[in-house]
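The tour goes one stop at a time.

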Amino acid sequence: MDFLNWYDWITPTNPQASLFLGIIITLVIGLFVWFETKKRSTVVLTIVTGVTVTSLGVFFLRWFGFYI
């Protein structure tokens, strides 16, 4: 895990760190949704939405040149 620095949770410095932290945060939110609703479809929708938003965010930030 050479791509991850201790300060990447504040501002990720590379796309891999952004994806890693975005997916971790998405899974935590998925756990919260599971404990609140106990519905598998809601949890799956939450996780799919989170991973999609994270992936699109990394794609656009890379496309705009945020990661050098």
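Start at Phe20. Phe20 is partly exposed, at 32% relative accessible area. The scale: buried means under 20% relative accessible area, exposed over 50%, partly exposed in between (1.4 Å probe, protein chains only).

Some ground rules. This is a predicted model, in which local features need pLDDT of at least 70, side-chain atom pairs count only at pLDDT 80 or more, and totals for chains, interfaces and linings use all residues. Residues are numbered from 1 along each chain as its sequence is written, and side-chain values use heavy atoms, with hydrogens and water left out.

Stop 1: Rings of Phe, Tyr and Trp (its six-membered ring) pair if their centres lie within 6.5 Å; planes under 30 degrees apart count as stacked, over 60 as edge-to-face and the rest as tilted.

**Stop 2: Phe66 and Tyr67.** Select both. This pair is edge-to-face as well, with 5.2 Å centre to centre and 80° between the planes. Phe66 is partly exposed at 44%, whereas Tyr67 is buried at 11%.

**Stop 3: the cluster.** Select Phe59, Phe60, Trp63 and Phe64. They form one aromatic cluster. The whole structure holds seven aromatic pairs.

**Stop 4: the helices.** Switch to cartoon. The protein chain has two helices and zero strands. Helices (H or I, at least four residues) and strands (E, at least two) are DSSP runs, numbered from the N terminus. Select residues 15–37 for helix 1 and 40–64 for helix 2. Their axes come within 9 Å and cross at roughly 160°. Axes are lines fitted to C-alpha atoms, for helices over the stretch in contact, with angles from 0 to 180 degrees between N-to-C directions. The two helices are therefore roughly antiparallel; the cut-offs are under 35 degrees for roughly parallel, over 145 for roughly antiparallel, 65 to 115 for roughly perpendicular, and oblique for the rest.

**Stop 5: the contact.** Contact means heavy atoms within 4.5 Å. In helix 1, select residues including Gly22, Thr26, Gly30 and Trp34. In helix 2, their partners include Thr46, Gly50, Thr54 and Arg62.

Zoom out to finish. The C-alpha trace spans about 40 × 25 × 15 Å along its principal axes.
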